[in-house]
Amino acid sequence: MRQTLSSSFVIPLFLCIFFFFVSISTSHGLTATNDSLIRKTCKKCAQSDPNLSYNFCVTSLQAAPHSHCANDLRQLGKISITLLGRNVTNSRFHIKELLKNQKKMDPFVRSCLHDCFDLYSDAIPTTKQALQDYKAKHYDDANIDVSSVMDATTTCEDGFKEKEGVVSPLTKRNNDAFMLSAISLSIINMIRLNGDSI
């Protein structure tokens, strides 16, 4: 005796399989679209700022939480400022740990680290303000805020260069914060000129 599948079972099974494949192809399409948005944005950012690495830009934005959900340049700008804020907060914590854990440190280096700690401490509320200004579409104010953070990273790094032979223990962190600032500034300027489209 042959058993046949009832049509009441086959149709729901077919629908489940159909929607499964549709959801996979749709999510893949969104990822590809967002990846394309990130790459196009980073290409324009790197073209407008010779100090900014295209690869750094792509890697940073792709690794950011929620970047796969960004549908336009405006959302990507918000993500870039959030990334900058996290970087600044993390760097401040790192400097605090350096000061706490290295008792036998060169007094000049210690002084520079204290200056950098203050600069990064001030940069944290500045990045929060930049994000608020950006969300409110006060792009000129957001630009000033992010530029201030960028200046802080340069000032921190330059402090170590005032004494010959001193190597900054924060060069990579300062460079990363500088480039994250450059990404945010480029996106803010693109939006000011072209709106949300790229």
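From the N terminus on, the chain runs α-α-α-α-α-α. That makes 6 helices and 0 strands. Helices here are DSSP runs of H or I with at least four residues, strands are E runs of at least two, and both are numbered from the N terminus. The model is predicted: local features need pLDDT of at least 70, side-chain atom pairs count only at pLDDT 80 or more, and totals for chains, interfaces and linings use all residues. Residues are numbered from 1 along each chain as its sequence is written, and side-chain values use heavy atoms, with hydrogens and water left out.

Start with the whole chain. Of its 198 residues, 39% count as buried. Buried means under 20% relative accessible area, exposed means over 50%, and partly exposed lies in between (1.4 Å probe, protein chains only). The accessible surface comes to about 11,900 Å², by the Shrake-Rupley method with a 1.4 Å probe. Carbon and sulfur atoms hold 58% of that surface. A contact means heavy atoms within 4.5 Å. Among contacts with a separation of 6 or more, 70% join residues 24 or more positions apart.

Now go inside. In soluble globular proteins, nonpolar side chains tend to be buried together. A nonpolar core is a set of buried Ala, Val, Leu, Ile, Met, Phe, Trp, Tyr and Cys residues joined through side-chain atoms within 4.5 Å. The largest one here has 51 residues, and L61 and L113 touch the most other members. Helices α1 (7-48), α2 (54-63), α3 (73-101), α4 (107-135), α5 (139-160) and α6 each supply at least two residues. The largest share, 11 residues, comes from α4. Leaving aside neighbours within four places in sequence, L113 is in contact with I95, L98, L99, M105, F160, P169 and L170.

Turn next to α6. G195 follows α6, with a positive phi near 80°.

S181 counts as buried because its relative accessibility is 0%. A polar atom of its side chain lies 2.8 Å from the backbone oxygen of A177. Beyond neighbours within four places in sequence, S181 is in contact with L84, V146, V149 and M150. N189 is also in α6. With a relative accessible area of 30%, N189 is partly exposed. N189 and N143 are 46 residues apart in sequence, yet 8.0 Å apart in space, C-alpha to C-alpha.

Technical notes
Polar contact = N/O pair within 3.5 Å; in protein donor to acceptor, adjacent residues only side chain to side chain.
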